[in-house]
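Please look at the sequence and the structure below.

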Amino acid sequence: MTTSVSLLTLNLDGGSLGFACSPQVARELKAALEDTLAARLRGVAENPKQRQESFEFRQTGELFLEVFCNPNQWATPFVAKVYITVKTAQVRVSAEVLLSQVREDLDRFLEACA
């Protein structure tokens, strides 16, 4: 079975980062952000004294993708940022991006893949 791969572009403060990504990985990341991370951010907003576990999403292979967030750093989900690392054998790029921007970029990517 062949897996289709398209270019996922994440918009950063000072530019953009494009890399090959399958729609399946994008759907898994979107679900993890919407379910797991969103619940942890809500937990912080509802009870700031109760520490929440950090969020981490990893996809490995030829391209390594990691999305990390410490939900305890953000007062509300609306200002939350995630730390993204994309690396191959030749290059490594890391950036901090607004969670809302990552969600928009994933939605745009998945819509284009549909």
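A disulfide is a pair of cysteine sulfur atoms within 2.5 Å. In this predicted model, the sulfur of Cys21 has its closest cysteine sulfur in Cys113, and because 8.1 Å lies between them, they are too far apart for a bond. Cys21 counts as buried, at 5% relative accessibility. For Cys69, the closest cysteine sulfur is that of Cys21, but at 19 Å this is also too far for a bond. Cys69 is buried, with a relative accessible area of 1%. The structure holds zero disulfides.

The sheet comes next. Strands of a sheet pair through backbone hydrogen bonds, either parallel or antiparallel. Here four strands form an open sheet, ordered β3-β4-β5-β6, and their pairing is antiparallel. At its edges are β3 (55-59) and β6 (92-98), each of which pairs on one side only. On average, neighbouring strands of the sheet are turned by 15 degrees against each other, with direction ignored.

Within the sheet, five antiparallel bridges link strand β4 (residues 64-69) to strand β5 (residues 81-87). Opposite Leu65 stands Val86 in β5.

Which strands does helix α1 touch as it packs on the sheet? Helix α1, residues 23-46, touches β3, β4 and β5, and its direction makes about 170 degrees with that of β3. Helix α2, residues 99-113, lies across β5 and β6 and runs at about 105 degrees to β6.

Conventions. Residues numbered from 1 in each chain as written. Predicted model: local features only at pLDDT ≥ 70, side-chain atom pairs only at ≥ 80, totals over all residues. Heavy atoms only, no water. Pairing = 2+ DSSP bridges. Helix = DSSP H or I, 4+ residues; strand = E, 2+ residues; numbered from the N terminus. Axes fitted to C-alpha atoms, helices over the stretch in contact; angles between N-to-C directions. Contact = heavy atoms within 4.5 Å. Buried < 20%, exposed > 50% of the residue type's maximum accessible area, 1.4 Å probe, protein only.
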